[in-house]
2 protein chains.
Amino acid sequence: MTAFGASPERTARDLFAQAAGEAFDDAALEPDAVEELFYGNFMGEFAEVQGHQGPLMAEAAGVSGPSTRIESACASSGVAVRHGVNQVRSGQADVVLVGGAERMKNISTAEGTKALSAAADALWEIKAGVTFPGAYSLMANSYFDEFGGTREDLAHIAVKNHSNAVENDLAQFQMAIDIDDVLEAPTVSSPFGLYDCSPMSDGASAAVLVSEEFAEANGLDTSVAITGVGQGSDSLALQDRVSIPETPAAVEAGETAYEDAGITPEDVDVAEVHDCFTIAEVLALESLGFYEPGEAITAAREGETTIDGELPVNLSGGLKAKGHPVGATGGAQISEMTKLLRGDHVNSDAVSDATVGLTHNAGGTVASCVVHVLEVVE
Amino acid sequence: MTAFGASPERTARDLFAQAAGEAFDDAALEPDAVEELFYGNFMGEFAEVQGHQGPLMAEAAGVSGPSTRIESACASSGVAVRHGVNQVRSGQADVVLVGGAERMKNISTAEGTKALSAAADALWEIKAGVTFPGAYSLMANSYFDEFGGTREDLAHIAVKNHSNAVENDLAQFQMAIDIDDVLEAPTVSSPFGLYDCSPMSDGASAAVLVSEEFAEANGLDTSVAITGVGQGSDSLALQDRVSIPETPAAVEAGETAYEDAGITPEDVDVAEVHDCFTIAEVLALESLGFYEPGEAITAAREGETTIDGELPVNLSGGLKAKGHPVGATGGAQISEMTKLLRGDHVNSDAVSDATVGLTHNAGGTVASCVVHVLEVVE
């Protein structure tokens, strides 16, 4: 992944070319080894009036063959990774490039907010005045009503994720915050203050996925493998859900990925989950089976998901502090988790015994979700 | 496919729900049999400020499981079909829903033209003032310069495709035109007049794809099968191409699909190709190996691709007369070709001996292309 942050002078193609180049270096492969590109982007139409980014990004990365742009809102590149994995598994390709990019800081926050709203239901949510901070605050308030919990519980999640990012050079906010910072920040949409919300970001991510056979035949690094994939969907509009503070698309994605990898939630040592808002991390941990519904709200506060906890969550800093260039986020989770498991992430020491990592990437109010299981291969 | 045309009061979700419902009826399956959705849409961000259409369309169609929106400009649903085929072939699903939708007539022609421009290079083509009629007219003039040919040659393509659509109730223009109509029409971008250009359209398409095993186990119609798929890419901007009047992405897609199906161009009995502009049909026929470069310009004029010719092309009416709701077009080609081969299309009688059909769906100025081979299964 590129460093996430504000680089309004750089185009999405420029960002993706950098990420792809670093992926090729890391994989010790040349671009011409790639047979197909799966690329995620969400809001290029709004930020650059640029669709049809599949062939554009193939050219930027120097690869040929089929190229497909996947758009699943903030899960765009996570879904691109899944389809890339499936293409390799099906035997139709040995080497694919996956990833995504997003440019968000070259337009105003108002324009960005409008663009992001395209991930919700234009007819039944956006026309009623809901923005994404608003939609997730409905989920948070509904959670509080149903299960209990407080703004301060959520604040611990923001503090934790900022803390994890302090030494991560790729993170947008390498800055510690405390509980008072969170609670005293300007309100965005009650119960959220500024620090409950992930930022607008520019950035790109990329990974080279290869078949086991190709890796062995070419003497490539096989220390970490994607062993499980899962994707799920839900009603786009919150109003059509059975329960507002639950995310069944994540349940479906998680269960599918666990079964695919032949593991259970208990086997997971470290996780990167989609904390676009603090409440989202809570919903993710419950949907993924790490906690019962209503139980994850205190996980950060109790230290269970902190860097020295039983299940460290978002050691990268998460979307909150690493940044959230939406179309790049799912691929960035794969990149950070690979480094964490391989031992070359700044926070790897905290999980030196970890062998199983999980990534959870969500679109909209989790109307779509994709989960990957990564494992250390001996 | 739904009837193509102007239905500005209907949302894309409404159109896709209709197409999916008709596909379920045709397949004799209930929506709950579907395991995954691959859905193509190009300009929903501009027409409806609606992205994230995967879960939206899954809900509209009444299906659950993973749902993915594919965006490859005007090849969006063709690419969605390919990924759906690959998912079934890989053994990861027995039943998938594929298709696409586009809403174009609820916005002005100027807004629609801006939206379509997102399929070209925003930095190097659109900012230089190129629109899609302009880009394809560059291709036509370059073709004339390199290989010869006249506006009147192109006019025969428009006349042929309109003629094919006269009895097709799903077509936008069920109206015959003659050569003078084409040559005397207002100029859009020289050498193109109005009748050289496909229209703005609303519409949707859908198909249920099933594995051979599932079809046999459930006694479903297996009279037509997709036996070959291929996809290719090229530089997004015309200026980066080696040759303006050639489309190597279509060559790559075609050769891959032929090899996949184990056939050659000579085996193809009937074709639906992406005639967004009259010249595009010429370039398609040459790239697909039916003609040498420079030779297809007179194919319609000589009657070789007419309804009673050796290789009938665009018996549906093509994009020109059937209409071109861009995200629905690739899926509509599959729908029309299936009917042609199965014997229940209004123009089936003209190809009653046909056993092999080909569909060619292009994005932008053929920066992306997908080809499918469909065969009658005895």
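Which residues have the most contacts inside the largest nonpolar core? They are Phe16(A) and Phe16(B), and the core itself has 257 residues. Before going on: this is a predicted model.

Take the chain B copy. Setting aside neighbours within four places in sequence, Phe16(B) touches Met57(B), Ala60(B), Ala61(B), Gly99(B), Ala101(B), Ala204(B) and Ala206(B).

Next, the sheet in chain B. Four strands form an open sheet in the order β7-β10-β9-β8, and the pairing is mixed. β7, residues 224-233, and β8, residues 270-272, are the edge strands, each pairing on one side only. On average, neighbouring strands here are turned by 15° against each other, direction ignored. Inside the sheet, β9 (356-363) and β10 (368-376) of chain B run antiparallel, with eight bridges between them. One pair to look at is His360(B), whose bridge partner in β10(B) is Val371(B).

Two helices of chain B to point out on this sheet. Helix α10, residues 248-261, lies across β7, β9 and β10, at about 145° to β7(B). Helix α13, residues 326-342, lies across β7, β8, β9 and β10, at about 170° to β9(B).

Now the interface. Chain B has 44 residues in contact with 44 residues of chain A. On the chain B side, α2 (44-47), α3 (53-61), β2 (67-71), α4 (76-89) and β7 each supply at least two residues. That side divides into 15 nonpolar, 21 polar and eight charged residues.

There is also strand pairing between the chains: β2 of chain A, residues 67-71, pairs with β2(B) in the antiparallel sense over three bridges. Arg69(A) has Glu71(B) as its bridge partner there.

Technical notes: Residues numbered from 1 in each chain as written. Chains lettered and ligands numbered in written order. Predicted model: local features only at pLDDT ≥ 70, side-chain atom pairs only at ≥ 80, totals over all residues. Core = buried A, V, L, I, M, F, W, Y, C linked by C-beta atoms within 7 Å. Buried ≥ 20, exposed ≤ 12 C-beta atoms within 10 Å, placed from the backbone. Contact = placed C-beta atoms within 7 Å. Pairing = 2+ DSSP bridges. Axes fitted to C-alpha atoms, helices over the stretch in contact; angles between N-to-C directions. Nonpolar A, V, L, I, M, F, W, Y, C, P; charged D, E, K, R; others polar.
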